[in-house]
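Today I am looking up charged side chains and how they pair.

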Amino acid sequence: MKKVTDIYQGDLLIFKATDEKYKALLCTSTYKEKSPQKFIFAALTYDDKEKPTVANILRCDFWGIGNTKNDQFNYSDIELNQMWTFHPETKPYFLGSYGLVVWRKDFMNFRDNFEFIGNLKIVDNLDKNGNGGMNASDWNFIKNFFTNQINSVLPDRGQKTFKLKAIIKD
């Protein structure tokens, strides 16, 4: 198990939730310039007793929304065309992720529950083009949320699942 010592955009972290199944998070952005530092994650749909590989994760979806165009956090034409190739139903809108905010000082207290399995090159501003987020800086909250609440809370907040490959850079 590779211990998490720092987190960067695109990092894939896995953990076992309350149901003893593996779940996964994708870091969409970090803020490390000054205190308080934070990491923002997208929730992925991996849900299995088997420990995932990066290849398994690439077949998953992420929770987010097809949101209105945002002039401040634009994607390139190449990135948009890739999103629309996987999700033509969202055109002309952007994909954005629902953000799970974890403060670094809190994460350090429960980081041993996570394992780093790889890094994906993802589009910038994925979380900024989403339309919501929540504080997830508590281990008990994370492991219970992914077991008991994710499939009811996020749809109630207008979130849907989208193919992870739609936001991967080549």
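Started with Lys21: I get 27% relative accessibility, so Lys21 goes down as partly exposed (buried is under 20% relative accessible area, exposed over 50%, partly exposed in between, with a 1.4 Å probe and protein chains only). This is a predicted model, where local features need pLDDT of at least 70, side-chain atom pairs count only at pLDDT 80 or more, and totals for chains, interfaces and linings use all residues. Residues are numbered from 1 along each chain as its sequence is written, and side-chain values use heavy atoms, with hydrogens and water left out.

Next I checked who pairs with Lys21. Its side chain meets that of Asp47 in a salt bridge, 3.9 Å from N to O (the term needs a side-chain nitrogen of Lys or Arg within 4 Å of a carboxyl oxygen of Asp or Glu). Asp47 sits in the loop between strand 3 (38–43) and helix 1 (54–58), and Lys21 in the loop between strand 1 (11–16) and strand 2 (22–31), so the pair ties together parts 26 residues apart in sequence. Helices (H or I, at least four residues) and strands (E, at least two) are DSSP runs, numbered from the N terminus. Asp47 is partly exposed too, at 38%.

Then I looked at Asp19 and Lys23, whose side chains form a salt bridge at 3.0 Å, N to O. Is Lys23 buried or exposed? Buried, at 2% relative accessibility, while Asp19 is partly exposed at 25%.

Last pair I noted: Asp106 and Lys105, 3.5 Å from N to O. Lys105 is exposed, at 63%. Back to the others: salt bridges with shared partners join Asp19, Lys21, Lys23 and Asp47 into one network. My search of the whole structure gave 6 salt bridges.
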